[in-house]
Amino acid sequence: MNRIKKLLCLGLCVYLFNSIHTGIAENIPNPKIIIPTVTLLVKKYGDLEKSLQEAILQADVKKINTYLSTDFEERKGVDPNSPIPRETWIQTIKNGSKINRIMQQIAVRDLGNILIVSYLSVMPNKNDENIFIVDAWKIEGEKSELMVRYSSIVPHRHPNQSHIKV
Amino acid sequence: MIKATKLFNKSFLISCLGLIATTMSISTEASVIKPDGDSIFVPTGEGWGVKSDHPLPSIKNESIPQHGIFYHGGPVMGTTTATIPNVYYIWYGNWSGNTAINILTNFASGIGSTTYYNINTTYTNGNGTPIIRAVNFPKPGIFDHYSHGSSLSRSTISSIVATAIHSNELPLDPNGVYFVLTSADVNETSGFCSQYCGWHSSTRINNTSIKYAFVGNADRCLRSCAAQRTSPNNNPGADGMASVIAHELEETVTDPRLNAWYDNNGEENADKCAWQFGKTQIAPNGSKYNMTVGPNKYLVQMNWLNANNGMCVNFKL
């Protein structure tokens, strides 16, 4: 067998060998491509969080007060030892930026009279950092009060970012 | 030296042929399940697909009415009598003694002829041919007693469907919509109850596009996945599932490969009306209902009417 034939054969083998891995990768089902039916709590508390966000954007202190418990505080990932108390938080809103962030990937964990609502707060400019927010809401009858917010910055293109739009 | 060279050449050739044979056998074996290549999701490189922030442009065509929801060129189901969708149930887990079997079997058997399902006739394929008001339920559901355990990941659901097809319990049906219905002791760990009550997707099995859905038992989280604790058929879990089944069916028929009917927010028809029930009546046990299928009453969410500027409705006459 001459050299050219050997090279052709080797080349064919390499090509086919590569196609094994490509073929297996393509043949693994990608079941994470789904269209979900959101839960009733995701819908209700998603709407509630959006209403709170709108009140923040408008610096509507009266409305914001109706959402927050009297001992509300926020703890941020950059300084978890320094909670932001209710009054400081509201003052910050009055003075803060009015960028309309988008809520994505909402989840609600039902613990009875406490609901843990988490979501990704996304900036319109995709190059900006996102914020992961975890809110604890206390339910009393028909009323819900936000007791505490935990927030942390999510670096852009975090490897564990999920991508179901909810 | 010449003999050694000939021997080397022969060995080389045999090695090459062996590698080729191995390659072909692995490829054949691995072709059983494939992702659907027509999905509009863009890869993230992270193992997830995401509905594109730049979705396919909608098709502007006067023969395709678009009222608050838009057509993006992909196939729909059931525009001819030969392609009427066939609903299959896979009862996964322990459903022994649960009235859900009768409640949801009756639902699937009759939903295709309802004025509720008639809403889907306002949707068309790319030629402007409307979806037909019909759904088949060709055979009783099959039972799967925990073939993949009691804690299922999202990826396991398609495997459950594949198992049912490969074992010949269910046919390989390109017009099929395969529902995996899980019992209350089975958890789907990728977001059931915390994010969603069900979902639909598509995959390829034996080179055939297969549409399937997951609907979890609402008994696991009634406050998340059931509209009411007292339900028309005295089974709030099953009655909650009925509405989610309707939701997933509507969306699978109008957007089976995630590239047909959805709006500018990426919402499919039933998404636009999620958890909205419109006009209801009161059943003898005090629960609400808005649909009657055979002997049973159900409370089912509204669906998006693709006519008259678009709206959520209970029915279309």
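Reader: Which residues of helix α2 of chain A are called buried, and what makes them so?
Author: Leu40(A), Leu41(A), Val42(A), Tyr45(A), Glu49(A) and Ile56(A) are the buried ones. A residue is buried if 20 or more other C-beta atoms lie within 10 Å of its own, exposed if 12 or fewer, and partly exposed in between, with C-beta atoms placed from the backbone.

Reader: What should I know about the model and its numbering?
Author: This is a predicted model, in which local features need pLDDT of at least 70, side-chain atom pairs count only at pLDDT 80 or more, and totals for chains, interfaces and linings use all residues. Residues are numbered from 1 along each chain as its sequence is written, while chains are lettered from A and ligands numbered from 1 in the order in which they are written.

Reader: How do you know what span to expect of α2(A)?
Author: Take 1.5 Å times one less than the number of residues. Helix α2(A), residues 40–57, has 18 residues, and 26 Å is expected. From first C-alpha to last, α2(A) reaches 26 Å, close to that value. Just after α2(A), Ala59(A) has a positive phi of about 50°.

Reader: What makes a run a helix or a strand, and how many of each does chain A have?
Author: Both are DSSP runs, numbered from the N terminus: helices are H or I with at least four residues, strands are E with at least two. Chain A has four helices and seven strands. Chain B has five helices and 18 strands.

Reader: How much of each chain counts as buried?
Author: In chain A, 19% of the 166 residues. In chain B, 47% of the 317 residues.

Reader: What makes a residue a contact of His67(B)?
Author: Two residues are in contact if their C-beta atoms, placed from the backbone, lie within 7 Å. Beyond its neighbours within four places in sequence, His67(B) is in contact with Asn306(B), Ala307(B), Asn308(B), Asn309(B) and Gly310(B).

Reader: Why are α2(B) and α5(B) called roughly parallel?
Author: Their angle is about 25°, and their axes are 9 Å apart. Axes are lines fitted to C-alpha atoms, for helices over the stretch in contact, and angles run from 0 to 180 degrees between N-to-C directions. Under 35 degrees counts as roughly parallel, over 145 as roughly antiparallel, 65 to 115 as roughly perpendicular and the rest as oblique. So α2(B) and α5(B) are roughly parallel.

Reader: Which residues of α2(B) meet α5(B)?
Author: Ala100(B), Ile103(B), Leu104(B) and Phe107(B) do. Their partners in α5(B) include Met241(B), Ala242(B) and Ile245(B).
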